[in-house]
Amino acid sequence: MTRTTENTNTAPTPITTPVPAGSDPLLQLEYETQAPSGPEAVRGLLHPAELALRGMPVTCSACRARRDWLLLNHRRNVWVRCRCGNEWLEPEITRKDFDAMIANPTWTHHPDTDAARVALGFDGTFAGIYLD
């Protein structure tokens with residue numbers, strides 16, 4: 001049997017969680033500021049240093065950058081995103097590796113992954129610029 005539709009999009013989907021209607025404002029604030037959790041959570045990590053996988057430095061195929069990455073974790077997958085906007089699935093980085101990189105997370109919540117990319121400067125606006 002042949003498949004007529006094939007999903008080739010591997011990017012994480014935006015996650016929005018509804019806020020309980022009519023709840024106490026303090027409970028609503030507590031709910032909104034909780035760290036992302038669960039199987040559908042998308043977590044991001046800024047990695048300003050060079051990233052080496054199996055001893056080989058990671059280089060962006062679009063702009064040749066060697067540092068200043070955004071790592072996105074969704075389920076078992078980890079994507080690497082460059083400041084130029086280039087993003088790829090990195091099978092060498094497992095969820096366990098991602099969890100080990102988050103030593104002291106400071107969570108910032110965004111409505112979806114696109115809003116997070118823009119807010120963190122990984123939407124292509126700062127292409128070719130290293131931010132320190």
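Predicted model: local features only at pLDDT ≥ 70, side-chain atom pairs only at ≥ 80, totals over all residues.

Residues are numbered from 1 along each chain as its sequence is written, and side-chain values use heavy atoms, with hydrogens and water left out.

**Overall fold**
- The chain has three helices and six strands, taken as DSSP runs numbered from the N terminus (helices H or I, at least four residues; strands E, at least two).
- Along the sequence the pattern reads α-β-β-β-β-β-β-α-α.
- Of the 132 residues in the chain, 27% are buried, where buried means under 20% relative accessible area, exposed over 50% and partly exposed in between (1.4 Å probe, protein chains only).
- The accessible surface of the chain is about 9,000 Å², with 54% belonging to carbon and sulfur atoms; areas come from the Shrake-Rupley method with a 1.4 Å probe, and for residues only the protein chains shown count as cover.
- Among contacts (heavy atoms within 4.5 Å) between residues at least 6 apart in sequence, 58% join residues at least 24 apart.

- Four strands form an open sheet in the order 1-4-5-6, with antiparallel pairing; two strands pair if DSSP finds at least two bridges between them.
- Strand 1 and strand 6 (87-89) are the edges, each with a single partner strand, so one side of each has no neighbour in the sheet.
- Neighbouring strands of this sheet are turned by 20° against each other on average, direction ignored; axes are lines fitted to C-alpha atoms, for helices over the stretch in contact, and angles run from 0 to 180 degrees between N-to-C directions.
- Strand 1 (residues 42-47) is joined to strand 4 by six bridges, and V42 stands opposite H74.
- Five bridges join strand 4 to strand 5 (residues 77-81), with L70 opposite R81.
- R81 also has E87 in strand 6 as a bridge partner.

**Strand 4**
- In strand 4 (residues 69-74), six of six residues are buried.
- W69, L71 and N73 point one way, and L70, L72 and H74 the other.
- The hairpin of strand 4 and strand 5 has two residues between the strands, and R75 there takes a positive phi near 55°.

**Helix 3**
- Helix 3 lies across strands 1, 4, 5 and 6, at about 160° to strand 4.
- D114 is in helix 3 (residues 113-120) and is partly exposed, with a relative accessible area of 46%.
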